[in-house]
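Subject: Structure handover

Hello,

Please find the structure below. My notes on it come after.

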Amino acid sequence: MRNKTILPGPTFGSIFLSFLKLSPQSFGGGYAIFPAMEAEFIARRNWMTPSEFQRLLSVASSAPGGVAVNAAFIIGNRLGRTSGSIAALLGMILPAAAIVLSLLLLYRLIAPYEQVAAILNGISWGVIGLILFSAFRMSRNALRDGITIALAAIGLLLLLVGIHPALVLVLGAVAGYTLGAERSQRRRTQAQATPQQPPSKTPDGYMYFI
Amino acid sequence: MLHLFFFFLKLGFISFGGGYALLPLIEDEALRSGWMTQAQFLDAVSIAGMSPGPIAVNAGLIIGYESFGWQGAALALIGLVLPSVLAMLLLIVVLFKLGQTKLVNRIFYGVQPVVVALIAFAAIRLVMARLEPGAITQQLIGGLFIVAAVFVMLLRYRVPPIYLLVFSGISGAAFFS
């Protein structure tokens, strides 16, 4: 409790430092960093309420662009307007960029060794495991009825026969626009009927990381 | 080099659901434009996956650096981040200021299942690429073991991804050398 009271409010420097600290923890893709963000901004810094935080993440998750980058921008914007967004983006991107380019240079030095190839082979299978888990996590939110399950199956089929992924995404958007009206209406009513759930403005995007 | 910038700019705009869904798109374009070979791309995915940060941004940095040096890395980064900034600004205005979400909900109802398919497709493509002729059995047994172990450890015990990648590397050294 004492810590919360003496910690400063959001400034350019403190927002930057928070994201600087979070950035190296974001292994395995954007969604993996959400719990760490929650610990930093709510438990430690006490900069926003959990429901406000969840609403920001839901927007970040359902927008184009990298999820972690989106989250940094929108949280930074909430904390410090334009300068907060800039601080968050810099803090999020700079350490990650430095680490990945260092690893690339290191990789060139150690790549000739056979043992390294075996280790990287193992890691790439591990990354496949992370990717599959990412799909699984998202499917629990996205595949909520027969239509969405069918859309996912058709989408995978189209991708496997070589249809361009961007085109498949557009088809999904069109299908959602034509088929989703009644569904989203029903979901909104449900969300309003549940008292402990805040009336999130985009219920579709959140809760990938549980 | 401008082509690289505009490709990643475009990629940023059409990407939904995080970087993994983008890997097939990046692979297609990188091979077609001659930015890197298939083998280089697989290495890039490994490095991008074992680095912190969004995997698409990491992959973009590597591809940019490999093809055009520091300037390429910087351009790929700006191209990938700019759409996030613009989309977030737009959404802040639309969702928080105007409160219009019905249309967005309808579209995401259809987009999200496709994103699941895209992510699964990225995993399938990576599996296919790792099955080299001659060592298929050994690759499959070792690989499927690692995939299953990682999945279970994430699902049941919520092991942080960094430890899982260390585990995968050690398993790889045991299985594949």
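Predicted model: local features only at pLDDT ≥ 70, side-chain atom pairs only at ≥ 80, totals over all residues.

Residues are numbered from 1 along each chain as its sequence is written, and chains are lettered from A and ligands numbered from 1 in the order in which they are written.

The interface

In all, 86 residues of chain B are in contact with 80 residues of chain A (contact: C-beta atoms, placed from the backbone, within 7 Å). On the chain B side, α5(B) gives the most, with 24 residues (helices are DSSP runs of H or I, at least four residues, numbered from the N terminus). By class, that side of chain B has 61 nonpolar, 21 polar and four charged residues (nonpolar: Ala, Val, Leu, Ile, Met, Phe, Trp, Tyr, Cys and Pro; charged: Asp, Glu, Lys and Arg; polar: the others, Gly among them).

Two helix pairs

The axes of α6(A), residues 114-142, and α6(B) come within 8 Å and cross at roughly 45° (axes are lines fitted to C-alpha atoms over the stretch in contact; angles run from 0 to 180 degrees between N-to-C directions). α6(A) is therefore oblique to α6(B) (under 35 degrees is roughly parallel, over 145 roughly antiparallel, 65 to 115 roughly perpendicular, the rest oblique). Residues in this contact include W125(A) and F133(A) of α6(A), and V147(B) and F151(B) of α6(B). Ten of the contact's residues are nonpolar, four polar and none charged.

α6(A) also packs against α7(B), at an angle of about 135° with the axes 6 Å apart, so these two helices are oblique to each other as well. Among the residues involved are Q115(A) and N121(A) of α6(A), with P161(B) and F176(B) of α7(B). The class counts are 13 nonpolar, eight polar and no charged residues.

Record entries

An unreviewed UniProt entry places "transmembrane region" at residues 45-65, 72-95, 107-128 and 140-159 of chain B. In the model, residues 107-128 of chain B are 100% helix, with end C-alpha atoms 32 Å apart. Residues 140-159 of chain B are 90% helix, and their end C-alpha atoms are 24 Å apart.

A loop residue

G9(A) lies in the loop between α1 and α2 of chain A. It counts as exposed because it has 10 C-beta neighbours inside 10 Å (exposed: 12 or fewer; buried: 20 or more; partly exposed: in between).

Regards

Notes:
Contact = placed C-beta atoms within 7 Å. UniProt positions renumbered as here; feature names shortened; annotations may be inferred.
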